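Here is a short briefing on a structure.

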Amino acid sequence: MLVKVLGAGAGGGFPQWNCNTRLSRLAWDGDERVIPRTQSSIAVSADGKSWVIVNASPDIRQQIRATPELQPDRTGGSRNSPIAAIVLTNGDIDHVAGLLSLRERQPFSVYATARVHSVLRENSVFRILAPDVVSRLSLPLNEETGIAGTGVIVEAFPVHGKIALYLEDPSKEGFGTETGDTIGLKITAAGSGSLFYIPGCAKIDEELLSRVHGAAALLFDGTLFTDNEVIDLGVLDKTSLRMGHVPLTGEGSSLHAFDRAGIARKAFIHINTTNPILERGSEAERTVKAAGWEISHDGMSFSV
Ligand code: MLT
Ligand code: MN
């Protein structure tokens with residue numbers, strides 16, 4: 001199975017449009033120590049012909065431009081696309097807004113949990129994806145779902161997380177978060193190893209560790225390096241955990257959590273515009289690499 005990282009950045013991308021902290025400044029100025037990243041998305045294919053995109057980022061048009069495999073077949077009909085399906089891991093803007101860019105009456109399927117489908121239904125703007133063209137299919141939890149016409153199989157499972165920021169209800173426990181608001185995916189195809197894609201995760205527990213044990217690859221939430229990162233930078237008064245993301249370092253963190261999980265390849269993805277791992281040659285980058293992780297970037301590809 002082929003895997004392509006379309007966007008390795010978190011919501012807002014790198015540099016985020018209004019960000020003027022040190023790393024974003026380097027990115028705005030084209031400094032070679034950093035590479036810009038678009039917003040969180042991957043593409044997978046069992047046959048190299050039909051593709052499944054996991055999460056439709058607001059940058060999807062730019063991502064398709066950068067990825068020849070996702071472009072129309074030049075010898076095909078006047079409208080065609082190798083993109084067969086979109087699978088959603090939550091209702092975050094960085095994961096659903098790209099659906100609006102796929103609105104030109106091209107058939108494809110959208111797979112999501114019941115909770116995320118209800119978010120799309122309640123936002124009338126998504127009606128632009130006409131039901132006679134775009135099918136909305138359910139993604140049950142803890143079951144394998146074959147993605148129609150692609151040979152790709154996904155198993156969605158709940159992870160600790162948080163309801164999308166724009167849906168938070170401060171009067172409710174966990175801001176109203178329910179099971180199915182954030183999922184991880186095990187992605188396989190016939191004869192392939194398994195890829196785990198978990199761009200948002202608020203807690204790494206034993207259940208998650210046993211699920212990912214022995215995986216061929218793990219793409220995991222790399223939003224923030226420390227829990228207080230954006231507080232310390234004075235850009236937002238929220239910890240990483242409050243935002244629904246385990247930090248890479250500190251209490252309950254991800255950097256060493258998977259050390260004994262026997263995973264062949266581990267890379268951080270959904271990396272925030274403030275995360276010091278974005279700077280080549282930085283101590284944070286060295287720390288992460290020494291711990292056996294890669295730092296994903298747009299265009300990174302591999303097979304499992
Ligand atoms: C997140 O991953 O926490 C969200 O994408 C944040 C946001 O929607 O801005
Ligand atoms: Mn996000």
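Predicted model: local features only at pLDDT ≥ 70, side-chain atom pairs only at ≥ 80, totals over all residues.

Residues are numbered from 1 along each chain as its sequence is written, chains are lettered from A and ligands numbered from 1 in the order in which they are written.

- D94 is in helix 3 (residues 93–96) and H270 in the loop between strand 12 (265–269) and helix 7, 176 residues apart. Helices (H or I, at least four residues) and strands (E, at least two) are DSSP runs, numbered from the N terminus.
- Both D94 and H270 are buried. Buried means under 20% relative accessible area, exposed over 50%, partly exposed in between (1.4 Å probe, protein chains only).

**Nonpolar cores**
- The largest nonpolar core has 33 residues; I198, L208, F220, F258, I277, V288 and W293 touch the most other members. Such a core is a set of buried Ala, Val, Leu, Ile, Met, Phe, Trp, Tyr and Cys residues joined through side-chain atoms within 4.5 Å.
- Elements giving two or more residues to this core include helix 1 (22–28), helix 5 (206–212) and helix 7 (283–290).
- A second, separate core holds 29 residues, among them M1, I42, V54 and A189.

**Helix 4**
- Helix 4 (residues 114–122) buries V116, H117, S118, V119 and L120.
- Their cover includes helix 3, strand 5 (108–112) and strand 6 (134–138).

**Salt bridges**
- There are 13 salt bridges, each a side-chain nitrogen of Lys or Arg within 4 Å of a carboxyl oxygen of Asp or Glu.
- K4 pairs with E69, closest N and O atoms 3.2 Å apart. K4 lies in strand 1 (residues 2–7) and E69 in the loop between helix 2 (60–65) and strand 4 (83–87), so the bridge ties together parts 65 residues apart in sequence.
- K4 is buried at 17% relative accessible area, whereas E69 is partly exposed at 30%.
- E207 and R211 meet at 3.6 Å, N to O. Both lie in helix 5, four residues apart, about one turn of the helix.
- A network of salt bridges links R115, E178 and D181.

Methods
Heavy atoms only, no water. Contact = heavy atoms within 4.5 Å.
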